[in-house]
Amino acid sequence: MNVIYSFWYFVLSFIFLSVIGLFVSWIDRKITARIQWRVGPPWYQSFADIIKLSGKEVLVPEGSNRFTFIFSPILSVIASTICGTMLLLVLRKNFGFGGDLILFIYLLTIPSLSIILGGSSSGNVLASVGISRELKLLLSYELPFICAIIIPAIKANFTTSLIEIFQYQNLNGSNIFSLSGIIGFIIILIASTGKLGVVPFDLAEAETEIAGGALIEYSGILLGFYKLAKSILLFVVPLFIVILYLGGTPIIGFGSLLIFILKYLVVLILITLIRNTNPRLRIDQSLRFFWGWLTLIGILGILISLSGV
Amino acid sequence: MNLKLKALKKSLWVYHVSAGSCNNCDIEILDLLTPRFDVERFGIVLVGSPRHADVLLCTGIVNKKCVERVKEVYEQTPKPCVVVAIGACACSGGIFRDGYQMAGPLNKIIPVDVYIPGCPPKPEAIIAGIVKFLKEIK
């Protein structure tokens with residue numbers, strides 16, 4: 001009974017997450033368009049993209065590993081859906097367990113890993129350039145990302161549970177209203193642009209240099225799965241940031257839900273602004289940026305949070 | 001009219017094939033994709049790989065070196081796809097129709113759906129051509 005219930009919960013949250021993720025990716029595109037003084041796509045644009053891709057032919061290149069090629073886009077959708085389901089369970093049912101923060105960090109890397117898996121199985125030269133960049137980028141942004149996740153965990157009395165971090169902020173106010181909170185928020189905001197693969201760090205699928213990078217050989221619904229996973233992540237990662245740093249108002253009733261959505265939109269718009277005001281970095285520049293200044297400031301933030309400020 | 005065709009009409013991802021063009025049409029296509037003309041209104045986005053494309057924007061007379069490449073790109077594009085011949089050269093050969101390198105206008109090599117004449121056609125003309133085509137297909 002329990003298994004069947006959790007299966008249907010997973011399916012329903014997949015539908016919910018894909019609808020809201022596609023809508024959020026439309027908001028992202030629309031804001032980008034308005035910043036560039038354009039009109040921008042209509043509201044159904046992301047849905048039309050996915051439906052169109054589901055109707056296209058799926059080409060599996062000769063000399064590729066067929067099973068891995070088809071399996072890895074599905075893996076990326078499943079992983080990002082599980083991430084989203086965990087956050088929704090925390091928000092809706094106050095459900096969590098000790099150590100789910102660590103599990104969440106692991107699950108968030110799986111979409112990037114599945115891009116690496118799919119790109120390497122396609123056997124394309126440009127895809128191999130793309131996956132080498134994606135791998136280096138994964139190694140580089142994980143370090144400041146984890147630094148920024150440790151800070152709220154320390155502030156909530158050394159916990160590894162998402163729900164305790166969220167409830168700690170309900171009692172003591174948002175994490176962002178402290179020195180280490182501000183430092184951590186800025187770091188996680190920048191590191192999440194690497195996580196989402198948006199413009200300053202989109203060198204893994206740079207269209208103008210390596211023609212789509214790791215996704216170059218994907219077509220039809222398999223490409224659609226990657227786009228869907230990316231849209232779901234665009235919903236999940238800002239939500240994660242809100243839970244870690246911008247908590248403080250428990251979701252009871254309609255008004256507090258509106259405040260929560262407003263917080264989410266602020267984080268989303270900040271990420272969109274970062275992506276629209278920066279050029280693409282080379283891999284050595286982004287590695288130096290992430291492992292240099294950002295990690296140093298992150299360690300400083302951890303030390304400050306240990307001293308309790 | 002089914003949903004997938006409707007979705008295809010609303011989200012055309014274009015790939016630019018330059019088959020021996022004199023670069024004029026290519027510059028006009030680049031103009032077309034700038035914020036000024038904003039083709040994302042119609043869901044048109046430039047993609048980097050023919051595997052992602054729905055529309056092939058082909059320019060230029062197809063010269064003898066390009067024939068194999070153009071065929072290859074057409075075969076790599078997942079169907080259904082639309083081929084647009086842009087400029088006088090791709091439509092009919094233009095001023096290079098008697099050239100020694102001429103291997104045909106585009107429709108000798110691959111099936112063409114839309115012809116947009118002009119030397120080079122303005123971005124407005126390209127938008128008008130594609131929008132007219134979208135109204136025609138059912």
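From the N terminus on, the elements of chain A run α-α-α-α-α-α-α-α-α-α-α. That comes to 11 helices and 0 strands, where helices (H or I, at least four residues) and strands (E, at least two) are DSSP runs numbered from the N terminus. The model is a predicted one, in which local features need pLDDT of at least 70 and side-chain atom pairs count only at pLDDT 80 or more, while totals for chains, interfaces and linings use all residues. Residues are numbered from 1 along each chain as its sequence is written, and chains are lettered from A and ligands numbered from 1 in the order in which they are written.

Let us look at the overall form of chain A. Along the principal axes, its C-alpha atoms fill a box of roughly 55 × 50 × 40 Å. A compact globule of 309 residues would have a radius of gyration near 19 Å, and chain A agrees with its 19 Å; the radius is taken over C-alpha atoms, and the globule rule is 2.2 Å times the number of residues to the power 0.38. Of these 309 residues, 46% count as buried. Here C-beta atoms are placed from the backbone, and a residue is buried if 20 or more other C-beta atoms lie within 10 Å of its own, exposed if 12 or fewer, and partly exposed in between. Contacts tell us about the fold too: among those between residues at least 6 apart in sequence, 81% join residues at least 24 apart, a contact being two residues whose C-beta atoms, placed from the backbone, lie within 7 Å.

Now follow one helix of chain A, α9(A).

The axes of α7 (residues 179-196) of chain A and α9 (residues 220-245) of chain A come within 11 Å and cross at roughly 170 degrees. Axes are lines fitted to C-alpha atoms, for helices over the stretch in contact, with angles from 0 to 180 degrees between N-to-C directions. The two helices are therefore roughly antiparallel, the word for angles over 145 degrees. Residues making the contact include A:F185, A:I188 and A:L189 of α7(A) and A:L233, A:V237 and A:I241 of α9(A). By class, this contact has 10 nonpolar, 3 polar and 1 charged residues. Ala, Val, Leu, Ile, Met, Phe, Trp, Tyr, Cys and Pro count as nonpolar, Asp, Glu, Lys and Arg as charged, and the others, Gly among them, as polar.

Next comes the meeting of the chains. The contact takes 18 residues from chain B and 25 residues from chain A. On the chain B side, they divide into 6 nonpolar, 5 polar and 7 charged.

Finally, some backbone details in the loops. In chain B, the peptide bond from B:K79 to B:P80 is cis, with omega near 0 degrees, and B:P80 is in the loop between α3 (66-76) and β4 (82-86). Another cis bond joins B:C119 and B:P120, with omega about -5 degrees. A:W37 has a positive phi, near 60 degrees, in a residue other than glycine, and is exposed, with 9 other C-beta atoms within 10 Å.

How values were computed. Angles under 35 degrees count as roughly parallel, over 145 as roughly antiparallel, 65 to 115 as roughly perpendicular and the rest as oblique.
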